[in-house]
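Please look through the sequence and the model shown here before reading on. The report that follows takes up the surfaces beside the DNA and then some details of the protein.

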2 protein chains.
Amino acid sequence: MPRPGSQTSLEPPSSGRSTTCTAMSDILNRIGDKWSVMVVAQLGNNTRMRFSELRRAVDGVSQRMLTLTLRNLERDGLVNRTIFAEVPPRVEYELTALGETLLEPIYALWDWAGAHGNDVAAARERYDASREQEIERA
Amino acid sequence: MPRPGSQTSLEPPSSGRSTTCTAMSDILNRIGDKWSVMVVAQLGNNTRMRFSELRRAVDGVSQRMLTLTLRNLERDGLVNRTIFAEVPPRVEYELTALGETLLEPIYALWDWAGAHGNDVAAARERYDASREQEIERA
DNA sequence: CCGGATCCAGTCCGATACTG
DNA sequence: CAGTATCGGACTGGATCCGG
C-alpha cells in the first residue's frame, strides 16, 4: 500500500494521481480483459506453462481466445513465448519481468473478488427483487 | 497490503488463493469493464458527483454508457443513487461502503498503468516493427 | 500439439431522437 | 438535467476445418 491517503481523499481529480483518463483507458483495453487477467494470474502461479495446460487451467476459454489473448500479452511485452522445435511441437509461455509487476494489482483484484463476491451477488439479488415489485405494480 | 508474499509465489494454482476461476470471471465481467473502473476511480476522488459532472470527468464516455455503467454499479451495490425532487432535476452518485473497498485494487491498477504504460507502448511498437519485417520478407 | 483461417451469431456501443 | 428508446454498424467470440 505505497500511497498514503488513497481512500476517501477529498482532493480534486487532477491532483495526486496524475495518470490521464485516456492513458488509463488504453491500458484497461488490454488489462481489463477477462482472459488476460486470468492467464496472467495462472502464469503467476505456475511459471512456464504449455498452451493446452493453460487451456485446461483457465476453464471457459476457447482455443481461439486463448491464442488471441496470448498474442496480445506477448505484444504488450507481458509474456514470453518460446517454441521448441520438436515433434510433437511444444510451446511454453511465461511472464516477463514486466508481466510479473502486473501480478500485484491483479492479485489485489482477485482477492477482492474472493472477499466481496458474495456481497455483490447479494446486492444484485436485492436490486432485481425490488425491480420485480415495480413491474408487478404496473 | 493484507497478503504477504503475493508476488512470485511458487505455489500450485489451487493452494492459497482459492477463489475459483468462475467466480473471478463473474466479477471481472463487471469490474473488468473499462467505464466501471473509471467511474469508481472518479467517485473515489470526489465523493458525490452529479451525472453530467461524471460525464465531463470520465472523458470519452457516451451518455448511454455512463447511464448503463451507473445502473450496473448500483445493482452491484457499489454506488448509491439519490434523486432530488427539484426542477431542474438533480441526481447524485456516491460510492457505498462496499464500493470504497474497491478503490484499493482499482488504484493499484491505475498506478500500474501510470508506472508501466510507456513500457507496454514500447513493447507494442517493437512487436509491430518486427512483424512488419516479416511481411517485407514475403 | 499448437494455432492460423473462415464463417456466423450474438453482443456492444455510438448517434439520434424523444420524455419528465 | 437526467435519463429512455430505437436503430444500425462494428466488433467479439465460439465452432469448425485445416496446416505445420
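## The surface near DNA strand C

In this predicted model, the surface near DNA strand C is made up of seven nonpolar, four polar and five charged residues, where a residue is near a strand if one of its heavy atoms lies within 4 Å of it.

The side chain of Ser62(B) has an N or O atom 2.7 Å from a phosphate oxygen of DNA strand C, while a polar side-chain atom of Arg64(B) is 3.4 Å from a base nitrogen of DNA strand C. Two or more residues each are given to this surface by helix 3 (51-58), helix 4 (63-75) and strand 3 (90-95) of chain A, together with helix 4 (63-75) of chain B; helix 4 of chain A gives the most, with four residues. Helices (H or I, at least four residues) and strands (E, at least two) are DSSP runs, numbered from the N terminus.

## The surface near DNA strand D

Around DNA strand D there are 16 residues, of which Arg64(A), Ser52(B), Gln63(B), Arg81(B) and Tyr93(B) come nearest. Sugar and phosphate make up 59% of the atoms of DNA strand D that come within 4 Å of the protein. By class, the surface near DNA strand D holds six nonpolar, five polar and five charged residues, and its largest share, four residues, comes from helix 4 of chain B.

Phosphate oxygens of DNA strand D lie 2.4 Å from an N or O atom in the side chain of Ser52(B) and 2.6 Å from a polar side-chain atom of Arg81(B). The side chain of Arg64(B) has an N or O atom 3.5 Å from a base oxygen of DNA strand D.

Arg75(A) is found in helix 4 of chain A and counts as buried because its relative accessibility is 18%, buried meaning under 20% relative accessible area (1.4 Å probe, protein chains only). The side chains of Arg75(A) and Asp128(B) are joined by a polar contact of 2.6 Å.

Thr96(A), placed in the loop between strand 3 and helix 5 (97-101) of chain A, has 13% relative accessibility and therefore also counts as buried. A polar atom of the Thr96(A) side chain lies 3.0 Å from the backbone nitrogen of Gly99(A).

## Chain A as a whole

Chain A has six helices and three strands, which run α-α-β-α-α-β-β-α-α from the N terminus on. Of its 138 residues, 40% count as buried.

## How to read the values

Residues are numbered from 1 along each chain as its sequence is written, and chains are lettered from A and ligands numbered from 1 in the order in which they are written. Local features need pLDDT of at least 70 and side-chain atom pairs count only at pLDDT 80 or more, whereas totals for chains, interfaces and linings use all residues, and side-chain values use heavy atoms, with hydrogens and water left out.

Note on methods:
Polar contact = N/O pair within 3.5 Å; in protein donor to acceptor, adjacent residues only side chain to side chain. Nonpolar A, V, L, I, M, F, W, Y, C, P; charged D, E, K, R; others polar. Buried < 20%, exposed > 50% of the residue type's maximum accessible area, 1.4 Å probe, protein only.
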